[in-house]
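This report is intended for a reader meeting the structure for the first time. Please consult the sequence and the model shown here alongside the text.

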Amino acid sequence: MIYQLGSWLFDSDLCLLSNDDTKTELDPLLVKLLRYFIAHPKQIISRQMLVDNVWQQSFVDDNAINRAMSELRKQLQHSELEAPLIKTHYRKGYSLQLQPKIIETQSTEVNEKDKPTRTNVRPNTLLVIGVLLLVVGQLCWYFWPKQSSDYVATADFKTELVTNENGAEMLPLFSFDKAFMAYTRSYPDTKERKVHIRRMADKQEITLIHPTMMISALAWQNQQHSLIVQAVDISLGKCEFLLADVSGFTARSDFTHLSDCNYQTDGYVAFDKQGRYLYYTSSNNELKTKALLKYDTETKTSHALVPARPDLFGPAMPKLSQDGKWLAYLIFEKNKRVQVFLHSFETLDSKRLYQNKSATYSFALDWVDAKTLRFIDYDQIVTIDINSSSVIERLSLPDFVLPYYISHRSKTDLYYTTGNTQHYGFKQVDDFGRGHDAYSIYESKHHSYFIQYDNERQQSYFISKRSGIPQVWHGNKLGVNQLTHFEDKATVLSKLKLSPNSNHLLFERNNRIEILNVESGKLRNVDFLANKELLSIIWGENSNTLLYVEKGDDARVKRYDFITEEQQTILSVNSLSLFNSNNGVPYAATDKGLVNLDTKELVTLPDNVIVDLNMRFNSVDDYFYATDRIKTVYRFKAGDKEADVSKLDFNIHSMDITNKHQILLGSRIMKDINIERIWW
């Protein structure tokens, strides 16, 4: 196609930019850039749009974009142009300033003298032409795509349980030759974790044992019968990535140390065939997001293949191709759906292969062969060809099959576990010193979380899936009652907070803040916060104000007033979370301690309480409560050097405290789940 751009002609097929005086062959990147601007004339194109659609990488250095745009502008300079064809919009992006014109490449007129003369065609020639047309037609029918990439096919699926023991069996992992399957089994009663290896030929199993630490299976070394495990001793705060040679199929394996790790933040690994480079995801404490690291086990150094970014939750599930030439991984980006990316070790380029159609999260990524990837997009098996970056098949899964982790035994035979590995519920502790006596409240087989207690009415508000879709509920001694009636199956609710006058609940629904009148059931949106990514939000000193902290570099505390519609910064120190005391006093948790947002007084923390993104706080009377959201609750007063500690036998999700100092905890308890198989 040839386009006219002012004084220039651009041949997109030949990559040529020309005018009356010059002809220039553009390099492929400039061609892609110019094509994208031509497709979106007179529109402001942000730098992120260029990253997503031109570079198609998870991260592009600003200097690379600057260089490319500078070179493109240089090529488009012309003495007849009064202004540049591409304009820079400060902090917004770039735009092509004119509407391109499409130029016809060939004349449709034929001179009389050029018309072909009529000749007699022999019957044999006609026969040959007919046969050729028939053959070509059949070939076209055979090779022509039968459906678009959005077409969803069906198959005759069969399913069966692969494991059926007590405990939670997770993350099936097939070795490169499918001779072994590894998986991890967690035991909720004893809090143990063990790694099991199944020999597929005879279904015999061994349990991999470490003498002093609990281990979990993470991945097989590429093209080897060695398994990477994460070994953890929580009491010592110790975590290691180890390599276990299981080729001899014995439980007592020798473990080789690969790297230290953080058991709370590091995981998802891949290890190359030569045993030198380890690829794993790790948290960047400064940015509070994850990066994908390449670690050299010989030099003990690492660098980021995918750097941590404020707009990125992080990469996950690095998977080496069978030939070791590619590394596939998932990208979880804020306010975007899950994306599948591919990194080439030959060109060192990364490209996006696929973006989730559904809004759900999934870690179900695996190689089918050296050129084909599989990903589970909610209820569809998506097969991706890495060379063309295109979807070559979509299969609709049965309603009851929702894989979260997958591993292929063959092209049409995969093993999986669901993401529903833990049960979220509520437990109450009446005596701080007797955490082991915690008992369940508002029990349901469905998930419930984010509890808020109304001391005046002596009832609770919480979020629950007991009706199938997350809804806001309230409960008391007489039972529970549903307050909202959302119909979207992809509904996500969080950040539930009760107003100081107990008349309103705020919560986040699908990344938007909404407020519910608990008496009338009326909902309203907080439009002012619609485009903000919130780290934490609470009510202000009354029910007419909200206090919030945004994610990213600017984590100052800000106030929004519903009446005046004004916003102001009330604490210039970056904060990690906000909370209200039982009498409505707002606090901010900072690196220095807890700041009373009314008086700006600082409460220093005891030596055994550390502020981080996981820590949650509450305050009742003179006491402050905190939880690490693992298995510990702390209690202290201002000025205490050491906090009282209550250890629990379940993981904690959220916390609220009643005026009687009863502790209401959102609990996370491992469920009995099994590895399942689906084939077709």
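## The second largest pocket

In this predicted model, the second largest pocket holds about 350 Å³ of space. Its lining consists of 15 residues, and those closest to the centre of the pocket are Gln-428, Tyr-453, Gln-458, Lys-477 and Gln-662. Sorted by class, the lining comprises nine polar, four nonpolar and two charged residues.

## Salt bridges

Side chains of opposite charge can pair when their charged atoms come close. Across the whole structure, a search finds 20 salt bridges.

One of these joins Arg-276 to Asp-296, with 2.8 Å between the closest N and O atoms.

Lys-319 is buried, with a relative accessibility of 14%, and Asp-366 is buried at 9%.

Arg-457 and Asp-454 also meet through their side chains in a salt bridge, at 2.9 Å from N to O. Arg-457 counts as partly exposed at 30% relative accessibility, whereas Asp-454 counts as buried at 1%. Elsewhere, salt bridges with shared partners connect Glu-550, Asp-554, Arg-556 and Lys-558 in one network.

## Helix H2 and its surroundings

Helix H2 spans residues 47-55, and its buried residues include Leu-50, Val-51, Asp-52, Val-54 and Trp-55. After H2 comes Gln-56, which has a positive phi, near 55°.

## The loop residue Gln-221

Gln-221 is found in the loop between strand S13 (214-220) and strand S14 (226-233). Is this residue buried or exposed? Gln-221 has a relative accessible area of 8% and is therefore buried, the cut-off for that class being under 20%.

Beyond its neighbours within four places in sequence, Gln-221 is in contact with Ser-226, Ile-228, Leu-243, Phe-271, Asp-272, Lys-273, Gln-274 and Gly-275. The C-alpha atom of Gln-221 is 8.6 Å from that of Phe-176, a residue 45 places away along the chain.

## Confidence in the model

The average pLDDT of the protein is 86, and 89% of the residues score at least 70. Residues 105-121 have a pLDDT under 50 throughout, and the model gives this stretch three contacts beyond four places in sequence. Residues 140-147 also have a pLDDT below 50, with one contact in the model beyond near neighbours in sequence. Where pLDDT is low, the predicted coordinates should not be read in detail.

Conventions
Residues numbered from 1 in each chain as written. Predicted model: local features only at pLDDT ≥ 70, side-chain atom pairs only at ≥ 80, totals over all residues. Heavy atoms only, no water. Salt bridge = Lys/Arg side-chain N within 4 Å of Asp/Glu carboxyl O. Buried < 20%, exposed > 50% of the residue type's maximum accessible area, 1.4 Å probe, protein only. 1 Å grid on protein atoms, 1.4 Å probe; cavity = no way out; pocket = protein on both sides within 12 Å on 5 of 7 lines; lining within 4 Å. Points joined across faces, edges and corners; volume = space filled by probe spheres on them. Nonpolar A, V, L, I, M, F, W, Y, C, P; charged D, E, K, R; others polar. pLDDT = per-residue confidence, 0-100. Contact = heavy atoms within 4.5 Å. Helix = DSSP H or I, 4+ residues; strand = E, 2+ residues; numbered from the N terminus.
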